[in-house]
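Please look at the sequence and the model below before reading on. The paragraphs that follow lead from the overall fold to its individual parts.

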Amino acid sequence: MGYFAYLIGAVIVFVWSMIVQANLKYKMQEGAGLRAGSGKTANEVVEEMLRAHDVMGITIEHKPGNLTDCYSPKEGKIYLSDSTYGRDSVTAIAVAAHEAGHAVQDYENMALYELRQLLAPAAGIASRVGPYIVIAGLLVSSFAERSTSDIGYTIGTIGIVVYFIAFLFYLVMLPVERNASNRAFKDMKEFGWVSDDQLPIARAALRAAGDTYAVALASSALTLMRLLVIRGSRSSRRR
Ligand SMILES: [Zn+2]
């Protein structure tokens, strides 16, 4: 039963992720071909947004590649990708403002942002190690005597708890990303970085990007479900 539910979930998430990716590409391209009404570049927008929120000491750098835009709190840098750095398209402005939004979150010590930063390194390890611990538990159970099969179950549970840190990270990431996009949209509107008729295009691009984090959360929930299936229930182990 658990395995069947997992399979259905896997198919749904797979199809959903395809739709989200296609939509993201479409929405990004739509705004990429439009010059922002203000005529400003992504770099100017970042500088303006940081200044408006009294964020200081952040530098902007070019990171070659596609979708490489990110804010690095450790380095105090905002990296902008090929299609964003120095560009004046609606998409470039929206993406740049979103990254500046993360810098503002950091500067304002937004609790969820801080939690995300705290979880990030642990989540990377947990997502890789957790599943192996669960499999190790399964192996212990299959080789152990009937009386000691509980040890395998316990090891499996530890693996699931470890993986849960990664799931928690994706859970926290979702509102943090939404918030960064909301900040970007608010300032885009207020400072007129894009014209009024371009605002819906900019918002759609940010929403499409935000959907990818919802997919990431769903697939993490799915992995959690799969690990629960692999570990099995205590009663089935005793058979
Ligand atoms: Zn973001």
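**From the whole chain to its parts**

The secondary structure of the chain comprises seven helices and three strands; helices (H or I, at least four residues) and strands (E, at least two) are DSSP runs, numbered from the N terminus. This is a predicted model, in which local features need pLDDT of at least 70 and side-chain atom pairs count only at pLDDT 80 or more, while totals for chains, interfaces and linings use all residues. Residues are numbered from 1 along each chain as its sequence is written.

Along the sequence, the elements follow the pattern α-α-β-β-β-α-α-α-α-α. Taken along the principal axes, the C-alpha atoms of the chain fill a box of roughly 70 × 35 × 30 Å. Of the 239 residues in the chain, 33% are buried. A residue is called buried if 20 or more other C-beta atoms lie within 10 Å of its own, exposed if 12 or fewer, and partly exposed in between, with C-beta atoms placed from the backbone.

The sheet may be considered next. Strands of a sheet pair through backbone hydrogen bonds, either parallel or antiparallel. Here three strands form an open sheet in the order 1-3-2, with mixed pairing; two strands pair if DSSP finds at least two bridges between them. Strand 1 (59-62) and strand 2 (70-72) stand at the edges with a single partner strand each, so one side of each is left without a neighbour in the sheet. From one strand to the next, the twist averages 25 degrees; axes are lines fitted to C-alpha atoms, for helices over the stretch in contact, and angles run from 0 to 180 degrees between N-to-C directions. Strand 1 and strand 3 (residues 77-80) run parallel and are joined by four bridges. Thr59 stands opposite Lys77 in strand 3.

Two helices remain to be described. Helix 4 (residues 111-143) has 33 residues, which should span 48 Å at 1.5 Å a residue, and its end C-alpha atoms are 46 Å apart, which agrees. The expected span is 1.5 Å times one less than the number of residues. Helix 4 bends by about 40 degrees at Ala120, and Pro121 follows within four residues; the bend is the angle between axes fitted to the seven residues ending there and the seven starting there. Its buried residues include Tyr113, Arg116 and Gly130.

Helix 6 (residues 199-231) also has 33 residues and reaches 49 Å from its first C-alpha to its last, close to the 48 Å expected. Among its buried residues are Ala202, Leu206 and Arg231. Just after helix 6, Gly232 takes a positive phi of about 75 degrees.
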